[in-house]
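Here is a short briefing for a first look at a protein model. Keep the sequence and the 3D view side by side as you read.

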Amino acid sequence: MIDPQQNARVTVSEIAQLAGVSVSAVSNWRKRYADFPVPVEGTAAGDFFALNDVLVWLERRGKKVRAPKPVGLNELLWGVANALRDVGEANESLLLAMLQVLTLWRSSIKLNARAVSEEPSLWSGLRAASEDQLPVAWRHAVESLPVGDNPAVREVLSAPSVSWRAVRQVLVAVDRLANEGMREATARVFGEAVSLVIAQMQDSQAIRVFGSSTPRSLTSLIVQLLSPVRGIVYDPAAGHAMALAEAAREASEDIQLVGQEIAEYSWRVGVLHLALCGFEATLNRGDTLLHDAFRGRVADRIILDPPFNTRLTSTDIVFDPRWKYGTSNVADWMWAQHLLHHLAPNGVGVMVVPIASLSRSGRDAMIRARLVEAGELDAVIALPPGLVAGVNVFTALLLFDRTRAAKRGDVLFVDARQLGMSRRGLTNELTPEAITRITNAVRTWRSGQPVSEPTFAAVAGAPEILGGTEAAGEQETHADLTPNRFIRYIAETDEVDALEQLDEIKTTLELSRRALGETVALNSVIDSVASRLILAQEDWPAVRLREVLEERPVVGSRVDPDGGDDERPFVSTSFVTGSGGKIDRLPEEKTRSKRKLRAARRGDVLLASRGIDGASRRVSCATVEIDAELSFSDSLLLLTPKVELLDPDYLRYALTSGTGVAALAALSTGTTIANIRPDALMELEIRVPPLPVQRQLVTSLRAVEDTAEQLASAADQVSQLFSLLRNAAAVGLLQPTSTQH
């Protein structure tokens, strides 16, 4: 991320990007060359160099300079966040400090644009202040904000969330990247970038941010279910205000944002987040269930992602008109009643719940039953696990829609648990396609059309949902709202799909018949090989590889595509692994390299030098059988046999045999990934018969090897046929031509 201003500064990593080299290469330059530019500033985040000095030095040394890539606003802001990793303060406070400084920076731009006064700008005073002067400069900057600004914003800005030393580091990071791209960005563009960086910081392992924030893909789904977004939008557990910001962006008309958050840190982040997005909002602090800040008010759209399974005591549960359907010592269904209490007559609300709360017995079951009987609940959507980073639990959405016509107490159930896409480890996210599929089912339901999609969606009426059991002479209902109770998990096939599947079965049947016919013909090959093999009458001499190779094994190298002249096909380790022992086609991957000696040619052998394990009795090795110069991976070793002494395929068979792999494992070093040392490989011994005998053995071994490949191909065809037939029978697509009784 290069600052285009004349006095721009760059880090070591940015110099590496300019020169097209690694960071370690730049570090070596600093040690080797006395004339390497001296840092103009040293911070906790690292050294900074003058860009012009670096460019002059690179040109003088003949280093090729790459044109910097265009940098987006979110990359600039992420650069600020990255620069703060080593500040040494509590990581969750750094996000707040960054937002505080960014708010003052944006405010200084607005003040200058309005030409409020001739005094030095708010930002200039902060920027010029030393660490000792910062408290006074900060107070002056906050007091300089227009009186009409949101009072909550001024309250959050009144005291930095970190030490003054850390504030100074944040000022440096923001100032270094405060270029025209950030300066001229509209409130919408800037706000979207801020939202993205907050989400990235929350997910980042480098900067661990603690606090409440609904995941981005889940927020997107919730806002789509609220569409059209209008009127008053309320979030009773606002967190970092991610959902409120997303709803405001989705709205096609002016809306009013209101919310409440119990955690002071999350509330402060949320206030500044909305301010930087340019949205006017009322975000109050406090415990929503115990102290409702918006008592008596209703909202047109409600977003609710509360903390799960919060325990309540008897003193917490007091008489309140919100608890119309009952009380519980677990807060999940109390939150649902809070939402309904504030929902306007034509409003829509969406709430996130742990899926376990859909079937919990006792008071929760009683509240669920009453909600269903009253026709308040419209849809239940089961979601994939792990939508929240680090929390591998299943969640669900409850949809309350008072705009839906012809409500008869029916409820839509959607099972979207299989739609998640793995993002990192156990963390999932909903793709745009998954969100569209869910919202389409809900929109069909809202329009009054029938919804029945096996394995995904179904509709159930109140009698089916509330069906109870006789207990002690009274009827008790569990009101289990888990979607998989009501969805049909039977595969169905339409007529077009059925015809296509039948054609595929017939094609595969023919291929399988041919493949099996070929395997019968292979018997003669096996008989021929067996007849030519006899027990050796003498021991073939053991020879070290250094006696039968042209040179020491060569390690591969992949040179940067912009760093050489001649383009060559590039052989990766996976290409060798999947080659079946012979490279008889050009790889699609290409690279550039000036190192002519590192080219593999016909008759060479490429051996995988990493991951050797004697216990597995497997190693990847292939013979080059095409006329081309091939570059190859640094995890491969190039072996060039002396053709008058050693057949390349015989060498391959010797190295991949059981004794060969065991010997290679003994030569390798390392713990995580075992590596073969080229010098040690030269000392490996193999049995080498005369060259004519080698060639005869290779002919026989290759015939059997090819036979094994054909048999494996035939087995794959038959296995595919079985899979197709099984699937077709399971959906009722097939039946025999005649039925015997």
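Is Asn309 buried, exposed or partly exposed? Asn309 is partly exposed, because its relative accessible area is 36%, and that value falls between the 20% and 50% cut-offs. Keep in mind that this is a predicted model.

**The whole protein**

- The protein has 741 residues, and 48% of them are buried.
- Its secondary structure comes to 25 helices and 28 strands.
- Take the contacts between residues at least 6 apart in sequence: 75% of these join residues at least 24 apart.

**Loops and backbone angles**

- Asn309 sits in the loop that runs between strand E7 (299-304) and helix H15 (332-342).
- The phi angle of Asn309 is positive, near 55 degrees, and Asn309 is a residue other than glycine.
- Ala241 is not a glycine either, yet it has a positive phi of about 65 degrees.
- Look for Ala241 in the loop between E4 and helix H13 (242-250).
- Ala241 has a relative accessible area of 0%, so it is buried.
- The peptide bond that joins Ser227 and Pro228 is cis, with omega at about 0 degrees.
- Another loop, between helix H16 (363-373) and strand E9 (379-382), holds Asp378.
- Asp378 counts as buried because its relative accessibility is 1%, under the 20% cut-off.
- Asp378 and Phe413 are 35 residues apart along the chain, and their C-alpha atoms are separated by 8.9 Å.

**Cysteines**

- How many disulfides does the structure hold? The count is zero.
- A disulfide is a covalent bond between the sulfur atoms of two cysteines.
- Cys277 is buried, because its relative accessible area is 4%.
- Cys621 has 6% relative accessibility, so it counts as buried too.

- Thr623 belongs to strand E23, which covers residues 621-624.
- Is Thr623 buried or exposed? Thr623 is buried, because its relative accessible area is 4%.
- Set aside the neighbours within four places in sequence, and Thr623 still touches several residues, including Gly581, Lys582 and Ile583.
- Asp604, Val605, Pro648, Asp649 and Arg652 are also among the contacts of Thr623.

**Helix H22 against helix H25**

- Asp649 also takes part in a meeting of two helices, H22 and H25.
- Helix H22 (residues 648-656) packs with helix H25 (residues 691-730) at an angle of about 65 degrees.
- The axes of H22 and H25 are 9 Å apart, and their crossing is left-handed.
- From H22, the residues in this contact are Asp649, Tyr650, Arg652 and Tyr653.
- From H25, they are Gln694, Leu697, Val698, Leu701, Arg702 and Glu705.
- By type, the residues of the contact of H22 with H25 divide into five nonpolar, one polar and four charged.
- Asp649 and Arg652 of H22 meet H25, and both are also in contact with Thr623.

Key
Residues numbered from 1 in each chain as written. Predicted model: local features only at pLDDT ≥ 70, side-chain atom pairs only at ≥ 80, totals over all residues. Heavy atoms only, no water. Helix = DSSP H or I, 4+ residues; strand = E, 2+ residues; numbered from the N terminus. Buried < 20%, exposed > 50% of the residue type's maximum accessible area, 1.4 Å probe, protein only. Contact = heavy atoms within 4.5 Å. Disulfide = S-S within 2.5 Å. Axes fitted to C-alpha atoms, helices over the stretch in contact; angles between N-to-C directions. Left-handed = near helix turned anticlockwise from the far one by under 90°. Nonpolar A, V, L, I, M, F, W, Y, C, P; charged D, E, K, R; others polar.
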